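Trainee: I have a model to read. Can we go through it together, one question at a time?

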Amino acid sequence: MKSRFRHAPLLLALTLLSAAGMARAQLPGAAALPGPVTVVSPAPLSSSVTVYRDMAREEGRFTLRWLRGYALISEKRRVSLPAGDAVVRFEGVADGMIAVSAVVTGLPGAVDEKNRDARLLSPASLLDGSLGNRVHLRRTNPATGAVTETDAIVRSGPDNAVVLETPQGIEALRCSGLPETLVYDSVPEGLSAKPTFSVHTRSERATEAEVTLTYLATGFDWGASYVATIAEDGRTLDLFAWLTVANGNGASFEGAQLLAVAGQPNRSSDFDALVARAPSPQLNLSCWPMDSTGTQPSSADGMPPPPPPPAPMAVMAEIQLTARRSDKAMYAAVATQEDLGDLKLYRVPVPVDVLPDGQKQVAMIQREKVPFTAFYAGTLDPVQDEDGSVPLARMLRMDNRDREGLGLPLPSGSVAVMRRRGDGELLLADSTMKDRAIGEKVEIAAGISGQLRLTRTALALSDKERRFRLVLANATKERAAAEIAIPRLDGFDLKAPAGVKNKDGGKVWLASVPANGTASLDLTYRRQ
Amino acid sequence: MTVRFTMAGLQALAMMGTMAGAAMALPAQAQTGQTSAQGDLSVTIYNDDLALVQDVRQLNISSGVSRIEFPDVSAQIRPETLSFSAPGAAIVEQNFDYDLLSPDTLMEKAVGQVVTIVRTNPGSGAETREQAKVLAVNGGVVLQIGNRIEVLRDDGLPVRVIFDKVPPNLRARPTLSVRVDSDRAGTRPASIRYLTPGLGWSADYVALFDARAGKVDVQGWVTLTNTSGTTYTNANTLLVAGSVNQRQATPYVRRPAPGMAVSPLRNPGTETAGREQLGDFYLYPIANRTTIASNQTKQVSFLDVQGVPASAGYEYVNGWLSTGTEAQSADSVVRFSTSARGGLGDALPAGTVRFYQKDASGAPQFTGENRLGHTPMGSQLALATGKAFDVKVQPVVEQRQKLGDSKWRTTMRYELTNARPDAVTVDLVQQGLDFAWSDTRIASESLKSERRNADAVVWHVPVPANGRASVTATFETRY
């Protein structure tokens, strides 16, 4: 009513200005509308999710309840903008959104301002926002069930429990032992259910715009899940990998383009701090001291018991992973790989649904008959004075080259080493893989073997020299290759027989231990 | 059955309370929420979680000595920094009271006074009213009812306690007040100024890097965060880049610790940006008045530069003359300048730079981020964005000989591999050369090195496409 009154003289004036200005008559009217118009974009039309792995965790699998990686989410949205100033509110963004990373493109005008508001509606903020206002105090008589409602004014903030002013006097909420609660007439202004993200922009004229909202969000992770199946002859293996992606966010991305980035992009800011929801003030209903004659203070409003520990969820993935039929499985969708600067980008070729609290696996690597060598690895400890015998680690080594059946980037992840055995398969090792570039050698630790042991005997431990005898014992029925690292000892020269070679920047004893036999080597560290 | 008491009686009671001088921080207001008592606000925000708030309010000050309260100041105000000025009014004292109203304090202040207790019979629901005198509040509440002594709710049965009034000096929120002596009565502008933590800002940069074209587009945003618990309505906002000394010892200039990545600032600039300066600080005013809501993160654009020349490079830092057990990825580095000529042409406030590169489909993808300190205009920057998947370096101690009591000779070999389809140049840095402040000499090397400083040398090593390269050097050290 009021606005019509205000515009009436203006319209009258414009009419009087006659025909010439008629076409433009709308413009000043529109511009006179006060303040920016709020435009809500409820949901994206389409989205793309690029997942980055958690750099801080070890290689191998991740825990579904503790996803510390992140994702770059890119959403296409359509908004209708009025002429002039507008605030575009984006709803349905991921809860782990890092607002400072958000970029909005495609708007006709520039974005002057981006805001994320996190004053959330909660029991405490409801009370806080009602300070000094009228609320209703509702009591239920425990015997008769009669409900009494009294008007009251909130006199204290939520930090110190609630003091109310009623027609009868000053009272404290929930100190009497009667069932009582506050009833509010309305929600205080500026409180929202979820943190909201909005931008301030300006458009010359009313228009429909397709905008892209891009932001980082936490609560994702991914890794490669390799299955290496050793052939029955023990000389080659089939290497398969799943691209395993998990979304621990509340947001759901249906029909999304899914990508994953391998490599180690830098992360310098504290994502958790950037995401952290504003601490919604705790509603603290404490009372005056309530000690009774016989007892210690009873906590009138006990804290709810802590939630039960999360159920182990990783089991699902493993079942899926190991239950795969190893022989010539076909995959309709295999992720493709491309270079992204110095990182590797994997693209799932079909649109997929990335659902909240869900894990998804798509085939990414499939290589057959990759030759490998198996050996046992150990290290000499030249510093300790006590002698000892240690079991050796079983290792598989592949060469990441085309002619060796590989020759592709291998992103880090978990490795299940399987061995064909008649009809079935046997798990040999549950191991990990680091990022391996083309041309690098790939070593997979496949457990500790008790069948091969390295025994060190000190022959001389003087100030001038440290002399050792190394004996490798093989309890298996086959000849075994072993590689024993001989570390450098500062201030000493190493005198070792011909069996010790330079390898990977250090000295290594390359031994071949006969079946059910031993091999030995003497070496001396002499002070320089 | 619902019984409603009328509001009229309640309001009369509330008014009586106010007239009786029950000093409430906020008066009872209409149902629609609170209006802010803030006046003409100016907020100057520093980087290190500190802001200067100036608030000019129109206050009606009566003649003589009176007390003025200031609601709606920052909930985290540093009260000792408050300064007040109003024409014709002299300050007697400034007070910051934080004795807060709670059931606990209410009961404690009622010691020696008479309250009303209402018992509800759990069987019949009948209510009985009694007058009780609060004798003590120590762990529990001890009451005198007539000539009986009782502990409040000792039997666990429901008992309501009704107090007559809120004691003076108990407030809903910490309250700032001044007592002034005014030579006249009347409304006049009164300004208060104070410091508060909980307001801070930093910069966030979005850098879209095109490696093929050798260009980077940079957008700069200032990010304001408000966790001070208060909304600043319609404030004139000014951001100050630079840190004020907040009780820190004078920082002495330190060299980077061995093995730490080198600072992204390679060559500090000497140009002055065309922005307002105050002393050594650059000022970034926000064009229009803005409301900084409580718990809000606000970003305002301050820089948008397209097509700045930039180049990609690689850097590997070996912290000490040591062997790597396996090849490690080199850092991917993006280099550009902040100069007016061939650069961003601005002084950059400290913040986080996030790099994006386009994938095969043309969509920008995140490729890493890094922190930037306050950077003068004209500086050369080299920001590490992450580790290169395909470019790796393995340092190896080839030989180490003791030549004397404090003379060692170490031969290092560095193996560089490149799995990329194009040739790259790696800046290979050997640090830790002035270990324990002793001198180090390079006796021989396979490639000419460049001495970066006393602690580090750098080799610019070309590595062919899908190939490898090797550098050897012999160091003579004291240890």
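Mentor: Start with the domains. Chain B is divided into domain 1 (37-43 + 57-98 + 171-196), domain 2 (103-162) and domain 3 (199-244 + 257-477). The bounds come from an automatic or database domain assignment. This is a predicted model: local features need pLDDT of at least 70, side-chain atom pairs count only at pLDDT 80 or more, and totals for chains, interfaces and linings use all residues. Residues are numbered from 1 along each chain as its sequence is written, while chains are lettered from A and ligands numbered from 1 in the order in which they are written.

Trainee: What distance separates the centres of domain 2 and domain 3 of chain B?
Mentor: Domain 2 of chain B covers 103-162. The centres of domain 2 and domain 3 of chain B are taken over C-alpha atoms, and the separation is 69 Å.

Trainee: How many strands are there in chain B?
Mentor: Helices (H or I, at least four residues) and strands (E, at least two) are DSSP runs, numbered from the N terminus. On that count chain B has two helices, and its strands number 31.

Trainee: Which residue is the bridge partner of B:K133 in β9(B)?
Mentor: Strand β8 (residues 127-138) and strand β9 (residues 140-145) of chain B pair in the antiparallel sense, over five bridges. In β9(B), the partner of B:K133 is B:Q144.

Trainee: Is B:V424 buried or exposed?
Mentor: B:V424 is found in strand β27 (residues 424-430) of chain B. A residue is buried if 20 or more other C-beta atoms, placed from the backbone, lie within 10 Å of its own, exposed if 12 or fewer, and partly exposed in between. B:V424 has 23 C-beta neighbours inside 10 Å, so this residue counts as buried.

Trainee: Which residues is B:V424 in contact with, leaving aside neighbours within four places in sequence?
Mentor: Two residues are in contact if their C-beta atoms, placed from the backbone, lie within 7 Å. By that rule, the partners of B:V424 are B:Y314, B:V391, B:N418 and B:V463.

Trainee: Which strand gives the largest share of the side of chain B that touches chain A?
Mentor: The contact takes 94 residues from chain A and 100 residues from chain B. On the chain B side, 15 residues come from the strand with the largest share, β25 (residues 380-404).

Trainee: Which residue stands opposite A:E113 in β21(B)?
Mentor: Strand β6 (residues 111-117) of chain A pairs with strand β21 (residues 296-318) of chain B, antiparallel, over five bridges. Opposite A:E113 stands B:V300.

Technical notes:
Two strands pair if DSSP finds at least two bridges between them.
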